Amino acid sequence: MSKMMDNRGVLSIIFDFDNTLVDTAGAGRIAIQKVYELLKSTHVQENHITDICNCFLRKLFHESFDPSEGKTIDDVRIHHWYEALQETQGTDPDPDLASSCYYMWKNTRLQALTLSPEVRSLLEELQKNYKLLLLTNGDTQTQWEKIEAVRCEGLFSVVVVGGDHPEQKPARSIFTHCFESAGVRPQDCIMVGDSLSADIQGGIDAGVRATVWINSDCKSLPQGSVTPDYTVPSVLDLNDVLAELMLK
């Protein structure tokens, strides 16, 4: 049976977390500014500080983390700061400074993360009519710390963190785990997220009824990109999408 011929309607909404429900990027910018101020106070040359911070962000972006190697994500990210200081300044830095940078960045980012009252209210309303699922990529510790920081776990029937599973989005296996945990079929669900490669491609491959791309920067679809069924600037526009889907 095709997705559009199935008249059961949408029963479940799968949400991405970072930059879909919470502004992780914005919290990250606040955190980097705090590290900038920390480094300035320790008399690191000011013309090096921006380079140090950018170097850390590059390492974070390209990070690969394997918990089986016996290190924690904290260890790995302290080392990112150590290398960023080392590579920018050309000398071996004080390990305590690398650690201070990391915990300033981490703790500030967690404190700045918030589920806005508007988003919380939306989820509370949707919860009355839909089974809500949270599906987020990332390592176990980092993602659960963020979820706990915004106190949103109770809004979801199922919370799935990629780091707890063999594969992350867009792998079909993690979507299948979501469907089975929630007792729903792929065609009962829509997938809502900001990542074309993880959320939208993953949702399409898993066979969900519809995909909704959160395009907060209003950027155009990249050449050759997967095409979402719906595009909205904010998750707060989701009710418009649900109304359209009811007509199909």
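Visitor: Which helix gives the largest share of the lining of the largest pocket?

Guide: Helix 1 does, with five residues. Keep in mind that this is a predicted model.

Visitor: What is the volume of the largest pocket?

Guide: The largest pocket has a volume of about 1,100 Å³. It is lined by 34 residues. Closest to its centre are Asp-18, Leu-60, Arg-77, Arg-109 and Lys-146. Several helices give two or more residues to this lining, among them helix 2 (46–61), helix 3 (73–89) and helix 4 (95–112).

Visitor: How does the lining of the largest pocket divide into nonpolar, polar and charged?

Guide: There are 10 nonpolar, 13 polar and 11 charged residues.

Visitor: What lies nearest the centre of the second largest pocket?

Guide: Asn-19, Thr-20, Asp-23, Ile-214 and Ser-216 do, out of 14 lining residues. The space in this pocket is about 290 Å³. Its lining holds six nonpolar, four polar and four charged residues.

Visitor: Now the rings. How many aromatic pairs are there?

Guide: The count is five.

Visitor: Why is the pair of Phe-56 and Trp-81 called stacked?

Guide: Ring centres must lie within 6.5 Å to pair, and stacked planes are under 30 degrees apart. The centres of Phe-56 and Trp-81 are 4.1 Å apart and their planes stand at 10°, so the pair is stacked.

Visitor: What makes this pair tie together parts that are apart in sequence?

Guide: Phe-56 lies in helix 2 and Trp-81 in helix 3, so the pair ties together parts 25 residues apart in sequence.

Visitor: How do you know whether Phe-56 and Trp-81 are buried or exposed?

Guide: Buried means under 20% relative accessible area. Phe-56 is at 0%, so it counts as buried. Trp-81 is also at 0%, so Trp-81 is buried.

Visitor: What makes the pair of Tyr-102 and Tyr-103 edge-to-face?

Guide: Edge-to-face needs planes over 60 degrees apart. The planes of Tyr-102 and Tyr-103 are at 65°, with 4.8 Å from centre to centre.

Visitor: Which residues do ring pairs link into a cluster?

Guide: Phe-56, Trp-81, Tyr-102, Tyr-103 and Trp-105.

Visitor: Last, where does Arg-209 lie?

Guide: Arg-209 is in the loop between helix 8 (196–206) and strand 5 (210–214).

Visitor: Why is Arg-209 called buried?

Guide: The relative accessible area of Arg-209 is 3%. The cut-off is under 20%, so Arg-209 is buried. Its side chain reaches the backbone oxygen of Gln-187 at 3.0 Å.

Terms used. Residues numbered from 1 in each chain as written. Predicted model: local features only at pLDDT ≥ 70, side-chain atom pairs only at ≥ 80, totals over all residues. Heavy atoms only, no water. Helix = DSSP H or I, 4+ residues; strand = E, 2+ residues; numbered from the N terminus. Buried < 20%, exposed > 50% of the residue type's maximum accessible area, 1.4 Å probe, protein only. Polar contact = N/O pair within 3.5 Å; in protein donor to acceptor, adjacent residues only side chain to side chain. 1 Å grid on protein atoms, 1.4 Å probe; cavity = no way out; pocket = protein on both sides within 12 Å on 5 of 7 lines; lining within 4 Å. Points joined across faces, edges and corners; volume = space filled by probe spheres on them. Nonpolar A, V, L, I, M, F, W, Y, C, P; charged D, E, K, R; others polar. Phe/Tyr/Trp six-rings, centres within 6.5 Å; stacked < 30°, edge-to-face > 60°.
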